[in-house]
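Subject: Structure for your review

Dear colleague,

Please find below the structure that I am handing over to you. My findings follow directly after it.

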Amino acid sequence: LHLTNRANLQIRGVRPADLPTLHAGLARLGLLDPSPEAEARRNLILCPFHDAAEQTVAAWLGEALRAADGLALPAKFGFAVGASVAADIRILSLGEGMALAPQGAALGLPVTVDRAVPAAMAMARWFIASGGVGPDGRGRMAAHLAGGAVLPPELAGTVPMPPLPPPPGPSQRLVGFVFGEVPADLLGGLADLGPLRLTPWRMIALPGPLPAALARHPALIARPDDPRLRVAACAGAPACPQAGGPTRPLARALAAG
């Protein structure tokens, strides 16, 4: 299993005979979309350190994106709910309320919990209608605003948005993994601790302190000074048929040096 910088978990190496069982489990968790297009639209990150209002808004926004047939956003266009994650459209708790802001804007639009999702969907539709998507189907909000696009008055921000905090390092409650890969036995052991939260830093937030037995797993990174955090590497050969050679041995050697 692989963690991504979009707080997703990629499941690889599933045998064809096991796929129906996996699909059934994902469906019970509400993780299967009705179409590939709906899955692509629901490009949503919830900050692992969210509050109750942010969790509610993220659930509503996920459903709105799933149902928004015809909303042809670029594949990498994303939404984030929470203070610690960047995205094309971001919603976060701010003081007694919430704020909505496009990436590249210093000011956010004050919104209530009930109005956050309609405003986010309106901003996404404005992005498309105002030419944010290029002929190649690509486009990002920050580049669109930098190119001179101006939000309509009803979506323009009025309150300063806080800067993004630096990514945290591993700790007793936040663990990383070598090259973002999580062996199934290790993930199962962590899941036995309670509900886990995926993060956009290729780490997992734990519900409690990391037990010593799991901390000794060779694939787990629990210290912020671990040298393996210095490198990132694709799967390389022989795992990837597109690779020109093995990447992981080189990455390990660079980390050690």
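This is a predicted model: local features need pLDDT of at least 70, side-chain atom pairs count only at pLDDT 80 or more; totals for chains, interfaces and linings use all residues.

Strand β6 is joined to strand β7 (residues 107-111) by three bridges, and the two run antiparallel. Helices (H or I, at least four residues) and strands (E, at least two) are DSSP runs, numbered from the N terminus, and two strands pair if DSSP finds at least two bridges between them. Opposite M98 stands V111 of β7. The hairpin of β6 and β7 has four residues between the strands, and G104 there takes a positive phi near 100 degrees.

Residues are numbered from 1 along each chain as its sequence is written, and side-chain values use heavy atoms, with hydrogens and water left out.

Confidence

The chain has an average pLDDT (the predictor's confidence in each residue, from 0 to 100) of 93, and 100% of the residues score at least 70. Confidence is highest in helix α4 (residues 113-129), at a mean of 98, and lowest in helix α8 (residues 248-256), at 89.

On its other pairing, β6 (residues 97-102) meets β5 in the antiparallel sense over six bridges. Within this pair, S93 stands opposite M98, and L92 has A99 of β6 as its bridge partner. The two strands form a hairpin with two residues between them, and G95 in the turn has a positive phi of about 65 degrees. Five of the six residues of β6 are buried, where buried means under 20% relative accessible area, exposed over 50%, and partly exposed in between (1.4 Å probe, protein chains only).

Strand β5 (residues 89-94) is also joined to strand β4 (residues 79-81), by three bridges, and these two run parallel. I89 of β5 is the bridge partner of F79.

A four-stranded sheet

An open sheet is formed by four strands in the order β10-β11-β9-β12, with antiparallel pairing. Its edge strands are β10 and β12 (220-221), each of which pairs on one side only. Strand β9 (residues 174-177) is joined to β12 by two bridges, with L220 of β12 as the bridge partner of F177.

Helix α8

Which residues of α8 are buried? They are R248, A251 and A255. Seen down the helix axis, these buried residues fall within an arc of 60 degrees, so they line one face of α8; the arc is that of the directions from the helix axis to the C-beta atoms. The face turned away from the buried side carries the exposed residues P249, L250, L254 and A256.

The largest pocket

The largest pocket holds about 2000 Å³ of space. On a 1 Å grid over the protein atoms alone, a pocket is an open set of points where a 1.4 Å probe fits, with protein on both sides within 12 Å along at least five of seven lines, and lining residues have an atom within 4 Å of a point. Grid points are joined across faces, edges and corners, and the volume is the space filled by probe spheres set on the points.

The lining comprises 50 residues, and A7, N8, L9, L31 and L198 lie nearest the centre of the pocket. Helix α3 gives the most to this lining, with six residues. Elements that supply at least two residues each include β1 (2-3), α1 (19-28), α6 (184-191) and β10 (197-198). By class, the lining has 29 nonpolar residues (Ala, Val, Leu, Ile, Met, Phe, Trp, Tyr, Cys and Pro), 10 charged (Asp, Glu, Lys and Arg) and 11 polar (the others, Gly among them).

Two individual residues

L65 belongs to helix α3 and counts as buried at 0% relative accessibility. L65 and R42 are 23 residues apart in sequence, and 5.4 Å separates their C-alpha atoms.

S130 lies in the loop between α4 and α5 (141-146) and counts as partly exposed, at 31% relative accessibility. The C-alpha atoms of S130 and A149 are 7.4 Å apart, with the two residues 19 apart along the chain.

Yours sincerely
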